[in-house]
Amino acid sequence: MADRKTAIVTGGSRGIGREVALRLADLGYDIAIVYIGDENEAKETVADCEKKGVKAKSYICNVASFEDTKATVAEIRKDFENIFALVNNAGITRDGLIAFMKEEDWDSVLSVNLKGAFNMIRHTAGLFIRNKGGRIVNISSVSGLMGNAGQANYSASKAGVVGLTKATARELAPKGITCNAVAPGFIRTDMTKNITEDNSELLRTIPLGKMGEVSDVAAAVVFLLSSPYITGEVLRVDGGIAM
Ligand code: NAP
């Protein structure tokens with residue numbers, strides 16, 4: 001059906017990506033989620049989306065791999081119609097002080113967080129161009145805007161995502177395709193499970209005085225996906241940390 005739209009959400013099995021998938025399913029999007037290995041969580045997200053009356057399917061794929069992402073996008077194109085939205089959300093941290101950071105920790109974070117977003121855009125851009133429309137939202141981080149001690153690899157990857165977003169936005173704008181980024185602060189997910197709000201030092205850095213929820217980030221993603229005249233924007237969802 002021509003009026004159905006599909007969204008691809010990487011890292012859609014858990015955390016922010018799962019919430020994005022569910023909110024898009026609420027809006028009637030069919031959902032293709034990409035994840036790396038947590039099959040139970042992926043199945044749960046798919047089942048929760050299906051309960052909302054949309055089609056949903058999960059694909060195990062390492063976004064860091066050019067070939068894997070190429071094959072996965074081809075599979076998604078066979079399974080779904082009218083792919084309109086791509087949310088590049090898959091991400092990892094391997095924190096450490098730069099004087100001690102292992103080369104593999106630098107490489108893996110850059111490969112998943114930055115090259116992963118490139119790979120997915122690379123393999124869907126042709127489709128969006130042919131369809132004369134599409135929306136891309138990349139998940140960056142305030143670490144990429146401000147830098148964060150102990151996160152040289154992560155900050156560099158997320159700053160890279162901002163550059164990738166703006167270059168993509170400029171390049172694809174003439175084709176009616178938008179590309180924006182969301183930069184979350186501290187959001188309560190598995191990624192931040194070691195941070196607790198008893199940590200008053202952390203709370204002091206957040207003007208709104210609390211961590212954010214996945215729903216706060218998902219609302220920003222949904223907003224950008226529904227906005228035909230916003231492109232190249234980086235929307236902070238951070239309780240004011242990086243203002
Ligand atoms: P999370 O709960 O740790 O979930 C990470 C997701 O990414 C999972 O679905 C995971 O799949 C998937 N993933 C990881 N590596 C992958 C790979 N190589 N290929 C495909 N999928 C992969 O993370 P989150 O907190 O929701 O974070 C989501 C995004 O927001 C990330 O880009 C993160 O950097 C960004 N962010 C988060 C925060 C925060 O405070 N939480 C703040 C700023 C930015 P499996 O389930 O299969 O492992």
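Residues are numbered from 1 along each chain as its sequence is written, and side-chain values use heavy atoms, with hydrogens and water left out. Because the model is predicted, local features need pLDDT of at least 70 and side-chain atom pairs count only at pLDDT 80 or more, while totals for chains, interfaces and linings use all residues.

**View 1. The shell around the ligand.** Here 31 residues surround the ligand, and the closest are Ser13, Gly37, Asn89, Tyr154 and Thr189 (a residue is near if one of its heavy atoms lies within 4 Å). Sorted by class, this shell has 14 nonpolar, 13 polar and 4 charged residues (Ala, Val, Leu, Ile, Met, Phe, Trp, Tyr, Cys and Pro count as nonpolar, Asp, Glu, Lys and Arg as charged, and the others, Gly among them, as polar). Helix H1 (15-26) and helix H6 (152-172) each supply at least two of the shell residues (helices are DSSP runs of H or I with at least four residues, strands are runs of E with at least two, and both are numbered from the N terminus).

View 2. Look for Thr189, where a polar side-chain atom lies 2.5 Å from an oxygen atom of the ligand (a polar contact is a pair of N or O atoms within 3.5 Å). At Asp38, a backbone N or O atom is 2.8 Å from a ligand oxygen, and at Gly185 a polar backbone atom is 3.2 Å from one. The ligand taken alone exposes 900 Å², and the protein buries 94% of that (Shrake-Rupley areas with a 1.4 Å probe).

View 3. A pocket is an open set of points on a 1 Å grid over the protein atoms alone, with protein on both sides within 12 Å along at least five of seven lines; lining residues have an atom within 4 Å of a point. Of the 47 lining residues, Gly91, Ile92, Thr93, Tyr154 and Met191 lie nearest the centre.

**View 4. The largest cavity.** The structure holds 1 cavity of 30 Å³ or more (a cavity is a set of points where a 1.4 Å probe fits but cannot get out), and the largest has a volume of about 60 Å³. Its lining includes Thr10, Asn89 and Val161. Helix H4 (103-131) and strand E5 (134-139) each give two or more residues to this lining, with H4 giving the most, 4 residues.

Methods. A polar contact is a pair of N or O atoms within 3.5 Å; within protein, one must be able to donate a hydrogen and the other to accept it, and residues adjacent in sequence count only if both atoms are side-chain atoms. Grid points are joined across faces, edges and corners, and a volume is the space filled by probe spheres set on the points.
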